[in-house]
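Student: I am new to this structure. Please pick one part and take me through it closely, then show me what lies around it.

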Amino acid sequence: MTPPPTARTLLRGVLTGGGRRRGATVAALGLTGHQVAEILVPVVIGVVIDAAVTDSEVGSLVLWLGVLTAVFLVLTFSWRAGFVTGTAAFQSAEHELRQRIVATVVDGGARADEAGDARDGAPASPGSAAPGAGTVHSLATSDAAAVAGVIWLLGEQVAAFAALLTAAVTLTLISPPLALAVALGIPLAWVLNRLSHPLERRTREAQRSAAGAASLAADLVAGLRVIAGLGAAAAGARRYRSASAQLRTARISAARAESAFTAASEVLAGLLVAVVGVAAGWLTLRGDLSIGALVAVVGVVQTLQYPISTVGMLGPSLAQKRASATRIAEALSGASSTSAVGTTEHHAPPADGDHLEIAAGDAVVRLEPGALVGLATTPELAQRVSDVLGHRVTARPGEAHLGGADLAALGAAVREHVHAPPRAAHLFRGTLAAAVAAPAPRETDALDARITGATLLDDVVASLPGGRTGDLAAGGANVSGGQRDRIALARALHREEAYLVLHEPLTAVDSVTEAAIAAALPTLLRSPTGRPRGVLLITDSPVLLRACTSVVRA
Amino acid sequence: MSAVVPGSRLPVATARRTWREVSRLLRPHRARLVAVTVVLLLAAVAGLGAPALLGLIVQVVADGGSTRTLVLLGAAIAVAGVVAAALGAVGRVLIASVTQTSLATLREEVVDTVMRLPVQRVEEAGDGDVVSRVSGDVESVGEASSQVLPTVVTALFSIVVTAAGLGALDWRFAVAALAAVPLQWWSVRYFRRRVPGIFRRLREAEAERAEAVLETVEGAGTVVALGRENEHLEEIAARSRRAIGIEMHGVRSISWFYNGLNIAELLGLAAVLVVGFLSVRAGTVEIGAATAAALFFHRLFGPMMLLLGNVDDLAVAGAGLARLAGVLELRDGSGDDRRDGDDRGSDGGTDAEVAPLGPGPHAVHLDAVSFSYGGDVDAVLHDLTLRIAPGQTVAVVGTSGAGKSTLGRLVAGTLEAGAGTVRVGRGEAAVLAHELHRRSPGRVVLVDQQSHTFSGSLAADLRLVEPDADDARLHAVLDRVGATWVADLPRGLETAVGADGTQLRADQAQQVALARVLLARPDVVVLDEATADTPRSAQQTLDAALDVLVADRTAVIIAHRLDQAVRADRVLVMSHGRIVQDGPPWVLVEEVGPFRELWQAYTA
């Protein structure tokens with residue numbers, strides 16, 4: 001197993017991982033070529049002006065216009081190379097981060113929180129719970145983009161330093177004392193760095209405020225049915241208005257900080273231009289400089305504002321990337337530590353699965369292939385049994401056995417023999433056939449008639465435009481609660497595992513349908529390919545319990 | 001809600017409609033917009049000070065002037081710099097305050113509209129589309145307005161002023177500078193033809209990726225139980241690769257655009273230099289003016305790039321803006337006074353619009369009601385006529401798809417009958433249910449079978465219904481629905497619940513839903529399988545809570561458990577959109593018919 005990531009390794013991975021070393025380098029070189037050429041443009045302007053007063057030869061005008069063209073071609077095409085290559089590297093890094101975040105969160109998020117589970121009656125404590133969908137979304141989008149953006153940060157900073165260096169060299173060649181002007185740029189960059197911290201802080205506050213308003217809006221939409229039912233639209237809208245007003249204030253305050261920073265950098269650059277302009281003018285008056293050199297000097301100094309303020313933003317830009325990287329690193333290592341238990345012991349010997357046994361309070365539930373067993377118990381114990389058998393929480397030693405193997409040692413390998421979907425399992429977008437017979441989405445006849453008949457799925461098929469190949473919305477939002485239950489049940493019954501653990505599978509179906517399905521359940525103790533399987537029904541429903549061959553009450 | 005037609009997304013406004021919305025939002029800020037124009041104009045003029053004065057320095061030096069003059073000019077450059085910087089800063093802050101205020105209004109109107117959309121419309125569009133409007137699009141427009149807009153506007157001013165300055169130096173320079181225009185024009189045309197389309201596709205591809213990410217994360221437990229982690233990750237990766245492919249295509253197109261702009265700069269600069277060179281040689285222009293002209297033109301590069309370079313962000317924002325304006329097309333009613341009316345309706349409680357209905361309990365009348373969810377789907381309800389007496393508790397039973405939920409939604413007014421009428425109230429004072437829902441929300445409350453706990457504290461969730469309720473009242477209603485677990489929460493009522501907080505169990509979420517109803521104190525309550533997830537052990541508590549809940553009001557309970565149905569005053573058995581049995585439970589239990597069959601199956 002790889003060591004848990006840190007902010008530093010994540011940022012380094014962006015620059016060097018996934019074959020991006022070359023891309024990041026080309027991006028930096030390209031931006032550098034562009035910035036250096038930008039500095040050289042005023043130098044050529046100076047030379048042309050100089051030629052106009054001194055030799056007035058059209059030949060030298062043509063020559064220097066040729067040079068100017070060359071400078072511009074370097075300027076534009078090295079920028080192009082940097083931009084295109086940098087974007088590719090940036091996208092590759094962002095993609096890699098996003099996939100990694102989602103993979104880790106899916107693995108960790110499937111596992112319920114154990115600390116909370118142990119406390120009877122109390123729901124899971126939020127501190128150690130898996131991150132919510134909103135948090136994951138912002139990790140996988142804005143934070144991943146910020147971290148991948150280190151490619152641009154590196155390129156821009158290298159280019160800015162190169163531009164300052166080019167300016168220093170040019171001015172030294174023209175007149176060494178004027179190179180001091182670039183040296184003056186260093187304290188200016190320092191001053192700007194100080195000023196840029198409040199700017200960065202307020203920009204971050206505005207971003208946080210924006211993310212808060214966005215997730216509030218998304219949450220309100222998710223709960224729209226509830227809001228509509230309560231007639232609470234006005235209250236929901238009012239709640240959003242206060243978040244929106246807060247965002248407005250935060251954005252205006254960030255704009256103030258940004259304006260102050262920009263104004264400061266303009267004032268400082270203006271002072272630099274004034275000082276150097278007067279000094280170079282004085283040197284020219286003394287005859288130490290030509291007119292053209294004077295023009296070149298003031299032109300170069302005028303272009304210094306951009307690289308100086310870029311360097312001035314280094315501190316906060318880096319801080320922001322580091323903060324995003326830290327958030328991602330925490331999510332990655334937090335989630336992987338929960339799943340580590342399962343993955344390390346993944347290569348445990350395959351269990352001999354002739355029976356499944358689990359403690360439910362003081363009672364013990366024993367299940368064999370071909371049996372239909374009911375478990376009626378408290379919500380907490382029901383949750384525990386379902387989560388342990390689905391490996392969403394780690395079994396305590398001795399708590400559950402598959403054949404001769406302790407589930408505590410078996411880890412995630414238990415999922416090869418036991419299918420225990422979470423209660424109110426999620427339905428995914430796609431055709432109904434794909435949702436029910438998930439591994440074979442292409443074959444529309446992959447549905448087992450025995451199962452579709454028993455779960456009365458034909459009724460769902462009839463109500464869905466497009467029938468079996470009709471589209472199911474995310475979360476099954478376009479079918480009713482009872483239909484969702486039946487689709488999820490049919491999906492579970494299509495599985496091939498030797499044991500099926502169903503936690504309150506039919507809470508939303510009506511009594512008639514429930515009775516019909518319960519009556520058919522004993523005929524479904526074989527998988528679609530005919531393997532005998534054991535089914536554990538964890539339920540309170542008397543109708544379902546009556547269908548079981550034995551019932552454990554705990 | 002047996003079937004809706006998915007994929008009928010919310011509208012996207014045309015450019016014209018979008019523009020109309022934008023100008024409506026900016027109208028109240030006309031005075032400040034004028035101020036912005038003046039300030040930025042002055043800032044741009046002051047910004048020209050530096051290159052103009054540098055030109056003078058060159059002239060002074062060429063004429064062999066004094067050091068004193070040089071120092072004075074230097075001081076003037078510094079002053080001009082300070083003035084330009086200060087005015088620029090003021091202008092940008094003004095722009096921010098105007099755009100952020102208008103934008104806040106826009107996004108609030110959009111969320112407000114979405115909150116009031118018929119549930120059916122939202123289901124047709126898909127949650128993903130709606131969520132992306134209120135979060136993704138709002139954010140992209142917000143980003144653009146706070147980052148890009150001030151930059152673009154200041155750049156625009158400095159371009160205009162610099163061009164004018166170039167002409168003021170000598171008309172020939174202005175003409176020479178025009179050498180840049182044809183290529184610039186071509187580049188912009190190229191951009192406008194290719195890039196906006198690419199970005200629209202990019203935003204769609206990114207939205208699809210976001211949907212896949214959200215679905216996978218929300219259903220993580222199921223994904224793992226099904227052993228389909230790889231398929232889901234591969235699906236996200238495939239969508240991601242598609243988005244990246246489009247983005248790279250866009251980046252290359254944008255690069256050509258910039259290359260064109262750079263070459264245009266070269267042409268313009270070369271022309272200005274040639275004119276300067278020849279004019280100085282011919283003695284028609286002073287060296288200082290030639291220098292200033294070259295510096296002026298050179299100074300245009302930055303603003304030009306900022307202006308044209310941010311068009312891509314503006315294009316993305318423009319697409320987002322059109323999607324937001326599209327939502328506003330769904331606003332019911334019109335006129336800007338609408339919002340004030342809403343506020344009164346929910347804040348006051350003594351609203352004039354409620355008056356015609358009077359205090360409850362109220363009767364509910366359905367008269368020849370038919371309903372279909374549209375598309376090629378059969379009608380869900382057929383010609384249904386029903387009278388529910390004031391204060392009566394009616395239980396509705398029947399198979400899935402019999403139309404029970406639809407009936408509940410029609411009574412609650414969250415759906416509007418396709419044919420026939422649904423009225424709440426007695427005799428002449430009765431009002432249409434959907435009108436009542438719209439104008440006096442909260443008089444009829446529906447608890448949907450899909451529960452949702454809102455992100456934030458538990459108290460905040462409950463206060464959505466009754467903003468002024470104090471903690472004691474919240475505790476009281478929670479106690480009455482038997483939510484004793486609240487005492488075990490780490491921070492009591494202030495515990496964060498919902499997506500990013502403590503996950504409530506399904507039965508706990510249902511107790512919260514019932515507590516909300518107690519807070520709302522409606523005249524009519526519709527419970528759609530609102531206790532389906534309650535474990536047997538908690539049923540007694542909850543049944544007691546239900547008794548309290550239906551005591552003083554008219555109630556429609558779409559019953560999941562038959563023992564709930566037999567406690568009601570009256571039972572309706574529905575099948576295929578029709579009422580097939582109607583009567584007191586103690587009668588129906590004895591009568592030959594579907595209810596007795598159900599009851600026998602239940603109690604066997």
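Tutor: Start with residues 210-237 of chain A. In this predicted model, the end C-alpha atoms of that span lie 16 Å apart. The span is 89% helix and 0% strand. Why pick these residues? An unreviewed UniProt entry lists 210-237 of chain A as a "transmembrane region". The entry gives other spans of chain A under that name, including 26-49, 61-79 and 161-190. Take 161-190 next. Its end C-alpha atoms are 14 Å apart.

Now look at helix α7 of chain A, residues 180-222. This helix has 43 residues. From its first C-alpha to its last, α7(A) reaches 61 Å, close to the 63 Å expected at 1.5 Å a residue. Yet α7(A) has a bend in it. At Leu195(A) the helix bends by about 30 degrees. A proline, Pro198(A), follows within four residues.

Move to the aromatic side chains. Over all chains, the structure holds eight aromatic pairs. Take Trp79(A) and Phe83(A). Their ring centres are 4.9 Å apart and their planes meet at 20 degrees, so this pair is stacked. Both residues sit in helix α3 of chain A, residues 58-109. They are four residues apart, about one turn of the helix. In an α-helix there are 3.6 residues a turn, so residues three or four places apart point the same way. Trp79(A) has a relative accessible area of 13%, so it counts as buried.

Chain B supplies another pair. The ring centres of Phe191(B) and Phe257(B) are 4.7 Å apart, with planes at 45 degrees, so the pair is tilted. This pair links distant parts of the chain. Phe191(B) lies in helix α7 of chain B, residues 181-218. Phe257(B) lies in helix α9 of chain B, residues 229-282. Phe191(B) is buried, and so is Phe257(B).

The two pairs belong together. Trp79(A), Phe83(A), Trp152(A), Phe191(B), Phe257(B) and Tyr258(B) form one aromatic cluster.

Stay with Phe83(A), in helix α3 of chain A. Leave aside its neighbours within four places in sequence. Phe83(A) is then in contact with Trp152(A), and with Val251(B), Ile254(B) and Ser255(B). Compare Phe83(A) with Val26(A): they are 57 residues apart in sequence, but 9.2 Å apart in space, C-alpha to C-alpha.

Two backbone angles deserve a look. Leu456(A) is not a glycine, although its phi is positive, about 55 degrees. Leu456(A) is in the loop between α16 (449-454) and α17 (457-463) of chain A. Its relative accessibility is 32%, so Leu456(A) counts as partly exposed. Asp383(B) also has a positive phi, near 45 degrees, and is not a glycine. Asp383(B) belongs to strand β2 of chain B, residues 381-388. With 56% relative accessibility, Asp383(B) counts as exposed.

Last, a word on confidence. Chain A averages a pLDDT of 83, and 90% of its residues score at least 70. Over residues 112-129 of chain A, the pLDDT is below 50. Beyond near neighbours in sequence, that stretch has 32 contacts in the model. Residues 337-349 of chain A also have a pLDDT below 50, and this stretch has 17 contacts beyond near neighbours in sequence. Where pLDDT is low, the predicted coordinates should not be read in detail.

Methods. Residues numbered from 1 in each chain as written. Chains lettered and ligands numbered in written order. Predicted model: local features only at pLDDT ≥ 70, side-chain atom pairs only at ≥ 80, totals over all residues. Heavy atoms only, no water. Expected span 1.5 Å × (residues − 1). Bend = angle between axes of the 7 residues up to and from the residue. UniProt positions renumbered as here; feature names shortened; annotations may be inferred. pLDDT = per-residue confidence, 0-100. Contact = heavy atoms within 4.5 Å. Phe/Tyr/Trp six-rings, centres within 6.5 Å; stacked < 30°, edge-to-face > 60°. Buried < 20%, exposed > 50% of the residue type's maximum accessible area, 1.4 Å probe, protein only.
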